[in-house]
Amino acid sequence: MEIPAKGWKADEILETLEGYKSDDIDWRSGRTWAYVYDPGAAAEALMKEAFTSFMTENGLDPTAFPSTHRLETELLSMAISHLQGDEDAVGSFTSGGTESIICAVKACRDWARDHRPEITEPEIVLPVSAHASFHKAAHYLDVRTVLTPTDDTTFKAIPEAVDDAISPNTIMVVGSACQYAQGVVDPIAELGRIALDRDVWLHVDGCMGGFLLQFFRQLGRDVEPFDFTVPGVRSISMDFHKYAFAPKGASTVMYTSREYRHYQMYACASWTGYSVINPTVQSTKSGGPLAAAWATLHFIGQDGYTEIARKVADATDRICAGIAAIPDLRVLGKPDMNLASFTSDTVNIFHVIDEMNERGWYVQPQLAYANSPENCHLSINPGSVRWVDDLLGDLAECVEVARSLPSGEVAGQLGPALADLDASTLSPEAYQGMLTMAGIEGGKLPDRMAGINEILNTLPSSLTEQLLISYLNELY
Ligand SMILES: *Cc1c(COP(=O)(O)O)cnc(C)c1O
């Protein structure tokens with residue numbers, strides 16, 4: 001494609017763009033159980049207006065755009081008070097959970113360089129359930145990860161295992177509230193005691209749960225403490241663009257003191273252009289996500305969020321009970337929030353997922369890792385609550401269909417051969433060959449993903465990671 005020689009008319013452009021969406025998942029139907037956090041049509045219309053009215057304001061320079069400074073300050077103030085931080089707590093607005101987590105790991109790493117100068121090879125201790133973005137942050141920032149197991153039944157971090165994994169090089173330990181895979185909250189208070197005892201930084205990943213879990217607690221549900229009231233916590237990440245329902249591009253990272261946030265920041269005057277001062281990874285920064293997040297919080301309000309929490313908590317209970325009643329399925333752990341995952345010991349769960357998606361649902365596969373078996377993930381939205389009975393009915397039927405489908409053949413043939421390969425020595429061509437064997441050409445995925453998921457599920461994670469990178473590199 002080339003840039004059009006002559007500009008198009010606005011309606012022609014918008015119509016074409018709308019057409020591009022035709023194959024996207026239809027999230028407004030409420031039958032999508034991942035990726036989208038939808039507060040409904042009225043909030044969506046408002047968010048759009050707020051977003052576009054601030055689209056071009058540039059948060060890069062708060063002196064030129066005091067509006068972005070004010071929006072960020074007020075958003076952070078609401079976030080900190082929501083998580084019961086005191087007057088010393090501070091934070092930053094970021095583009096998403098991953099950026100928040102990269103910022104927290106950077107702040108901790110650079111704080112440790114000053115305060116623990118004897119550490120030359122810093123490590124962060126991660127339960128296997130900690131989000132992938134910590135691995136990404138460690139990769140970008142040259143920090144080592146040390147993984148610890150989670151409990152086989154609850155999937156929560158095991159405090160003793162975290163304690164054992166702390167070495168003289170440890171700078172940070174991480175707990176999640178909640179973790180993505182099973183929606184459970186780690187024992188943050190115990191991790192806090194360990195962090196104080198061993199003098200390491202505790203980061204609480206509240207990207208998924210930090211916001212809505214406070215409303216779950218207010219409803220009287222049993223939610224372990226995870227916020228700034230927990231001694232030992234030094235930083236918390238919390239996304240507005242998940243269960244605060246703001247549009248994408250909105251998250252926060254918060255610290256118990258200004259001293260910690262100092263280490264997150266960056267300035268550069270060593271070039272010929274304008275002096276750069278950036279609190280976070282982004283430099284030029286649209287005011288759109290800020291204004292839209294501010295608008296969302298003001299539109300829904302504490303009363304609205306309480307009502308949403310009540311609805312989705314109730315739906316989650318019904319979904320978990322319904323899944324438990326299907327003989328071939330079992331829920332993993334006991335979700336503390338409105339996300340859940342389930343697996344099967346008797347039928348191929350990837351077939352169940354394909355069958356569900358063919359029926360117009362969108363449910364998400366998760367590969368086996370450590371003690372977490374391959375499973376199907378559900379994030380439960382307010383707009384999906386009306387579908388609970390239909391979802392459960394279709395699930396029971398899809399399990400029956402999956403029972404009759406062939407399973408394990410490709411993975412059985414390929415798995416053992418692939419498992420012996422060394423991910424670090426394989427050429428890009430070899431990975432391309434593997435993709436072709438799995439039925440993927442030119443980045444195009446087959447309609448049914450069970451075969452590919454089965455293969456990925458049997459591979460060591462390092463091989464899976466290289467395969468996914470090769471796939472993505474072909475896709476664009
Ligand atoms: C989604 C998520 C993240 C990463 O956030 P992004 O906004 O996708 O970058 C981190 N931690 C948890 C628990 C999450 O659910």
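This is a predicted model: local features need pLDDT of at least 70, side-chain atom pairs count only at pLDDT 80 or more; totals for chains, interfaces and linings use all residues.
Which residues of α16 are buried? Residues are numbered from 1 along each chain as its sequence is written, and side-chain values use heavy atoms, with hydrogens and water left out.

**Entry on helix α16**

I found Leu-463, Thr-464, Leu-467, Ser-470 and Tyr-471 to be the buried residues of α16, where buried means under 20% relative accessible area, exposed over 50% and partly exposed in between, with a 1.4 Å probe and protein chains only. They cover an arc of only 125° around the axis, which puts them on the same side of α16; the arc is taken from the directions from the helix axis to the C-beta atoms. An α-helix has 3.6 residues a turn, so residues three or four places apart point the same way. On the other side of α16 I noted Ile-469 and Asn-473 as exposed.

I also checked the length: the 15 residues of α16 (residues 461–475) should span 21 Å at 1.5 Å a residue, and the end C-alpha atoms are 21 Å apart, which agrees. The expected span is 1.5 Å times one less than the number of residues, and helices are DSSP runs (H or I, at least four residues), numbered from the N terminus.

**Entry on aromatic rings**

I counted rings of Phe, Tyr and Trp (its six-membered ring) as a pair if their centres lie within 6.5 Å, with planes under 30 degrees apart called stacked, over 60 edge-to-face and the rest tilted. By this rule the count comes to 14 aromatic pairs. One of them joins Trp-111 and Tyr-260 edge-to-face, at 5.9 Å centre to centre and 75° between the planes. Trp-111 lies in helix α4 (residues 97–115) and Tyr-260 in helix α9 (residues 258–262), so this pair ties together parts that are 149 residues apart in sequence. Trp-111 is buried at a relative accessible area of 13%, and Tyr-260 is buried at 13% as well. Ring pairs link Trp-111, Trp-201, Tyr-255 and Tyr-260 into a cluster.

**Entry on the ligand**

How many residues surround the ligand? I found 14, and the closest are Gly-97, Thr-98, Asp-205, His-241 and Lys-242; a residue is near if one of its heavy atoms lies within 4 Å. For Gly-97, a backbone N or O atom lies 2.9 Å from an oxygen atom of the ligand, while for Thr-98 a side-chain N or O atom is 2.5 Å from a ligand oxygen atom.

Definitions and conventions:
Helices (H or I, at least four residues) and strands (E, at least two) are DSSP runs, numbered from the N terminus. A polar contact is a pair of N or O atoms within 3.5 Å; within protein, one must be able to donate a hydrogen and the other to accept it, and residues adjacent in sequence count only if both atoms are side-chain atoms.
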